[in-house]
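The sequence and the structure are shown first.

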Amino acid sequence: MQADIVWLEHAGQRLGLLPTLGGGVAAWQTWHADTWHDLWRPWDGATPDRYTLANFAMLPWTNRISRGGFEQAGHFHPVAPNRAGEPYPIHGDGWLQAWQADRPRVSTLRLSLESKHHDGNPYHYRAEQVFTLLEGGLDQSIHITHLGAEPLPYGTGLHPYFPRTPGTRITTSVKGVWLSGSDPLPTGHTEAIPADWDFNRGAPAQGSFVDNCYTGWSGEAHIDWPEHGLRLTMRDLATLRRGRDDGYCLMYRPPAGNAFCFEPVTHPIDAFHLPGRPGLRVLSAGETLSLDVQWRVEKSTR
C-alpha cells in the first residue's frame, strides 16, 4: 500500500493527512509529559481499509441508507453498497476517493474534492476539509456544495477512532437513543437510555456493544484518559450555537479492541427513511452544508 502522509506540525502537535486515501487522517498527536500521545488511534501505515485510519470525513451522507436508495421529489435515486460485507451503502463516497491537498498557512492543511456520480450514485458536489492546529488543539471543518441540477438531501459527519485504555471514559449530554436490530438500522427511539449506554453520567469506553445514534445531543463531549492525565473535548459549534440540545452523535463501542468511535453527525442512521428525515438538508445547486468541530486538549482532573 502506497499512500503519502502530509504532515503538519504546530503548537506542540503533529497531524498527518492522507489525501489519496479518502482524505483521511493518519495520526493526530500532542506532546505531553515528555512524550507524544495519540489523540486518535493512529493508522498502521500499510492497511488501505479506511476503517484503520485515525479519522475520516463522512459525506454526502453518514452511516447507512437502506432500501437500495432514496426518493426525492418523486424521483427514486439508487445508491449501491460500497463496502465489502456491508449490505447497505455506508458513510457516503468522499472517504473512497482521492483528495487534493494544499497548505494555505503554516498552521493549516486543506483538502479538496469534486465528486460527480461516484460509483453511479446521484451526487455531484464539491467538498473541502480544513484542519488548523492552534494552541491547545485542532479546528476541523467540512464544507459541501451541491453542484447538481436536481436538489438532493445531504448530511455529513466525522468518524474518529479514539485509543481505548482501561480507564477511558466518555461524558456527554444526550436525551435519547435510536435502538436497532443487528443491521444496525433503527427500529425505534427511546429516552430510557440503558444504564450501560448512558454517557450523561460518564460511561467507560469498555462495556457492552453499542453501535447506535443518540438524539438530543448538546454538541459537546469529553473523553478522559486518566492513565495519561489527558482530557479531549469535542464541540460541534453549530449545535452549541443553536443551544437547543438537538444534535446527533453516534457511539461505536465494540466488545474488544484498542479503539472506539464517538462521531459528531448531522443526521441519524438511515435518516432517508425515517419520518421527517431528521437532520438531512436538501441542497439546491450552489448551496453549502458545513460542519465545524473544535477539539481541545487539556490536562485531566479525573
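Is His117 buried, exposed or partly exposed? The model is a predicted one, and in it His117 has a relative accessible area of 40%, so this residue is partly exposed.

## The loop between S9 and S10

His117 belongs to the loop that runs between S9 and S10. Its phi is positive, about 55°, although His117 is not a glycine.

Pro122 is in the loop between S9 and strand S10 (124-134) as well. With a relative accessibility of 16%, Pro122 counts as buried, the limit for that class being under 20%. Setting aside neighbours within four places in sequence, the contacts of Pro122 are Phe70, His77, Pro78, Val79, His117 and Leu152. One of these, Leu152, is 30 residues from Pro122 in sequence, while the two C-alpha atoms are 8.4 Å apart in space.

## Backbone features in other loops

Asn63 also has a positive phi without being a glycine, with a value near 55°. This residue lies in the loop between S5 and S6. The relative accessibility of Asn63 is 3%, so Asn63 counts as buried.

Pro60 is placed in the loop between S5 and strand S6 (69-72). The peptide bond between Leu59 and Pro60 is cis, with omega about 5°. Another cis peptide bond joins Asp183 and Pro184, where omega is about 15°. Pro184 lies in the loop between strand S16 (176-180) and strand S17 (186-190).

## Aromatic rings

A pair of aromatic rings is described by two quantities, the distance of the centres and the angle of the planes. With ring centres required to lie within 6.5 Å, the count comes to 17 aromatic pairs. In one of them, Phe56 and Trp95, the ring centres are 5.2 Å apart and the planes meet at 15°, so this pair is stacked. Phe56 and Trp95 link distant parts of the chain, being 39 residues apart. Phe56 is in the loop between strand S4 (35-40) and strand S5 (57-58), and Trp95 is in the loop between strand S7 (75-78) and strand S8 (100-105). Both Phe56 and Trp95 are buried.

One aromatic cluster is made up of Trp61, Phe70, Tyr123, Tyr125, Tyr154 and Phe272. Phe70 is also among the contacts of Pro122.

Two arginines are placed over rings. Arg14 lies over the face of Trp36, 4.0 Å from the ring centre. The ring of Tyr51 has the charged end of Arg83 over it, at 3.5 Å from its centre.

## The nine-stranded sheet

Nine strands form an open sheet with antiparallel pairing, in the order S8-S9-S10-S11-S25-S21-S20-S15-S18. S8 and strand S18 (203-204) are at the edges, and each has a single partner strand, so one side of each has no neighbour in the sheet.

Ala101 is opposite Leu111 in S9.

## Nonpolar cores

The largest nonpolar core has 60 residues, and those touching the most other members are Leu15, Trp28, Trp40, Phe162, Tyr214, Phe262 and Trp295. Strand S25 (residues 288-299) contributes the most to this core, with five residues. A second core is separate and has 20 residues, among them Ala3, Leu21, Ile90 and Val265.

Which residues is Phe262 in contact with, leaving aside its neighbours within four places in sequence? They are Pro160, Phe162, Ile170, Thr172, Trp217, Ala221, Met234, Cys249, Leu250 and Met251.

Arg296 lies in strand S25. The relative accessibility of Arg296 is 18%, so Arg296 counts as buried. Its side chain makes a polar contact of 2.9 Å with the side chain of Asp139. A polar atom of the Arg296 side chain also lies 3.3 Å from the backbone oxygen of Leu138.

Not counting residues up to four places away in sequence, Arg296 touches Leu134, Gly136, Gly137, Leu138 and Asp139, and also Arg231, Leu232, Thr233 and Arg235.

Key
Residues are numbered from 1 along each chain as its sequence is written. This is a predicted model: local features need pLDDT of at least 70, side-chain atom pairs count only at pLDDT 80 or more; totals for chains, interfaces and linings use all residues. Side-chain values use heavy atoms; hydrogens and water are left out. Rings of Phe, Tyr and Trp (its six-membered ring) pair if their centres lie within 6.5 Å; planes under 30 degrees apart count as stacked, over 60 as edge-to-face and the rest as tilted. Helices (H or I, at least four residues) and strands (E, at least two) are DSSP runs, numbered from the N terminus. Buried means under 20% relative accessible area, exposed over 50%, partly exposed in between (1.4 Å probe, protein chains only). A charge sits over a ring if NZ of Lys or CZ of Arg is within 6 Å of the ring centre and within 35 degrees of the ring normal. Two strands pair if DSSP finds at least two bridges between them. A nonpolar core is a set of buried Ala, Val, Leu, Ile, Met, Phe, Trp, Tyr and Cys residues joined through side-chain atoms within 4.5 Å. Contact means heavy atoms within 4.5 Å. A polar contact is a pair of N or O atoms within 3.5 Å; within protein, one must be able to donate a hydrogen and the other to accept it, and residues adjacent in sequence count only if both atoms are side-chain atoms.
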